[in-house]
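Take a moment with the sequence and the model shown here.

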Amino acid sequence: LRTLVVELAFRLARVRPMLLIADDLHWFDGASVGLLSSLAAARVPGLLILIGTRPLDKALAFEHQVLLNDAHIIDLDALSVADVGALIAGRMGASQTASALAEFVTSRSAGNPFYAEELMLALRAAAKITLADGVVTFADGAETWAGLPESLRGIIVSRIDALGAAEQLVLKIGSVVGREFSLPMLNDLLPLTNSQLNLEQVAQVLEREDIVRPAHTPGAGYRFKHALLQETVYEQLPRGLRQELHATVATWIERNESEDLEPRYAELAAHWERALNLPLAVRYLEQSASLSLRRYANREAIVQASHALLLAQQLSADAARSARCEAILGDACNELFEYRG
């Protein structure tokens with residue numbers, strides 16, 4: 001597969017230059033990183049690979065580090081006051097931002113672009129900023145607004161709280177589904193009392209408020225703009241409701257995608273574990289580990305098989321399943337030439 005992709009890249013790059021963007025490298029699995037490494041090592045003329053990533057944790061896969069060892073690293077510094085002003089003006093459709101507003105948002109966000117954007121959106125939702133003659137500025141008296149939350153999560157919560165009940169309900173269910181969700185799934189998961197909601201209209205409101213965006217993945221209608229948005233909404237749910245919703249989501253996937261569950265094994269394992277159904281979680285973890293091994297995502301296979309064994313210890317003994325997981329661990333470690341005591 002890697003050889004085929006590299007050959008295709010050579011052929012396409014002869015026709016015209018190409019830019020390959022790999023965003024969020026810190027979330028890539030080992031097999032995907034291996035494919036990127038093969039492309040990078042091939043030095044395809046006319047191909048530029050642009051990778052976006054957070055600073056990599058030392059605990060991440062060795063392959064991630066190897067890929068970046070030969071890369072030209074560009075460290076992105078915090079945004080300046082001028083940059084934040086340009087960001088606010090662009091989001092508001094203005095020509096410029098008043099210096100006082102740009103300085104305020106920059107100081108509160110420390111120049112973090114996501115934080116700055118969320119803060120600006122919260123100010124807009126609270127009618128604390130205004131657009132006049134092409135300039136975004138504080139509304140009268142807003143400079144001393146004392147009700148502004150201090151943290152980024154608090155800012156996000158304030159934005160969610162300003163939404164209508166229907167929008168909040170859709171976000172809450174969507175946060176349990178994951179970073180991406182489809183409207184048909186949400187429609188089936190809605191409580192009966194809300195079954196007549198027009199989800200298209202609700203999604204349009206959430207998109208207008210820049211909380212969700214159209215998803216790139218086929219079959220997924222929308223995705224949260226940022227993982228922190230999803231996490232913040234999810235954390236507002238009571239634990240009991242989370243557990244119930246995870247079981248409902250997992251059951252929906254099993255029922256509606258029964259003919260092609262392989263790509264959803266890891267997702268199903270996570271849902272059933274959070275639903276506290278450990279037997280099903282262990283079963284899907286084993287299947288996911290086996291699939292990862294077949295796809296040469298060896299480090300993911302190790303993580304999944306190890307987690308399956310850990311959860312299995314809380315259940316009655318299943319010697320056959322434990323043996324299969326141990327075999328997956330052995331094969332994956334052998335593929336990586338890592339031999340543990």
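T97 stands opposite V136 in strand 5. This is a predicted model, in which local features need pLDDT of at least 70, side-chain atom pairs count only at pLDDT 80 or more, and totals for chains, interfaces and linings use all residues. Residues are numbered from 1 along each chain as its sequence is written, and side-chain values use heavy atoms, with hydrogens and water left out.

Stay with strand 5. Q96 has its bridge partner there too, namely V135. Strand 3 (residues 96–97) and strand 5 (residues 135–138) run parallel and share two bridges. Two strands count as paired if DSSP finds at least two bridges between them. Strands themselves are DSSP runs of E with at least two residues, helices are runs of H or I with at least four, and both are numbered from the N terminus.

Which strand pairs with strand 5 in the antiparallel sense? Strand 4 (residues 129–132) does, over four bridges. Strands 4 and 5 form a hairpin with two residues between the strands. There, D133 takes a positive phi near 55°.

Now put the pieces together. The three strands form an open sheet in the order 3-5-4, with mixed pairing. Strand 3 and strand 4 are the edge strands, each pairing on one side only. Strands of a sheet pair through backbone hydrogen bonds, either parallel or antiparallel.

Strand 7 runs antiparallel to strand 8 (residues 222–224), joined by three bridges. In strand 8, Y222 is the residue opposite P214.

Most residues other than glycine have a negative phi, and most peptide bonds are trans. A127 has a positive phi near 60° and is not a glycine. Where does A127 sit? Its place is the loop between helix 6 (113–125) and strand 4. A127 is exposed, because its relative accessible area is 54%. The cut-offs are these: buried means under 20% relative accessible area, exposed means over 50%, and partly exposed lies in between (1.4 Å probe, protein chains only).

Y296 also has a positive phi, of about 65°, although it is not a glycine. Look for Y296 in the loop between helix 14 (278–294) and helix 15 (298–312). Is Y296 buried or exposed? Y296 has a relative accessible area of 55%, so it counts as exposed.

S109 belongs to helix 5 (residues 99–109). Its relative accessibility is 2%, so S109 counts as buried. Leaving aside neighbours within four places in sequence, S109 is in contact with Y115 and A116. Contact means heavy atoms within 4.5 Å. S109 and I74 are 35 residues apart in sequence, and 21 Å apart in space from C-alpha to C-alpha.

The other residue is R321, in helix 16 (residues 319–335). Why does R321 count as buried? R321 is buried because its relative accessible area is 17%. Again leaving aside neighbours within four places in sequence, R321 is in contact with V282, R283 and E286.

Finally, step back to the whole chain. The chain has 16 helices and eight strands. Of its 341 residues, 41% count as buried. Among contacts with a separation of 6 or more, 62% join residues 24 or more positions apart. The C-alpha trace spans about 70 × 55 × 40 Å along its principal axes. The chain exposes about 18900 Å², and carbon and sulfur atoms supply 54% of that area. Accessible areas come from the Shrake-Rupley method with a 1.4 Å probe; for residues, only the protein chains shown count as cover.

How confident is the predictor? Its confidence in each residue is the pLDDT, from 0 to 100. The chain has a mean pLDDT of 89, and 93% of its residues reach 70 or more. Confidence is lowest in helix 3 (residues 62–69), with a mean of 78, and highest in helix 13 (residues 265–274), at 96.

Methods: pLDDT = per-residue confidence, 0-100.
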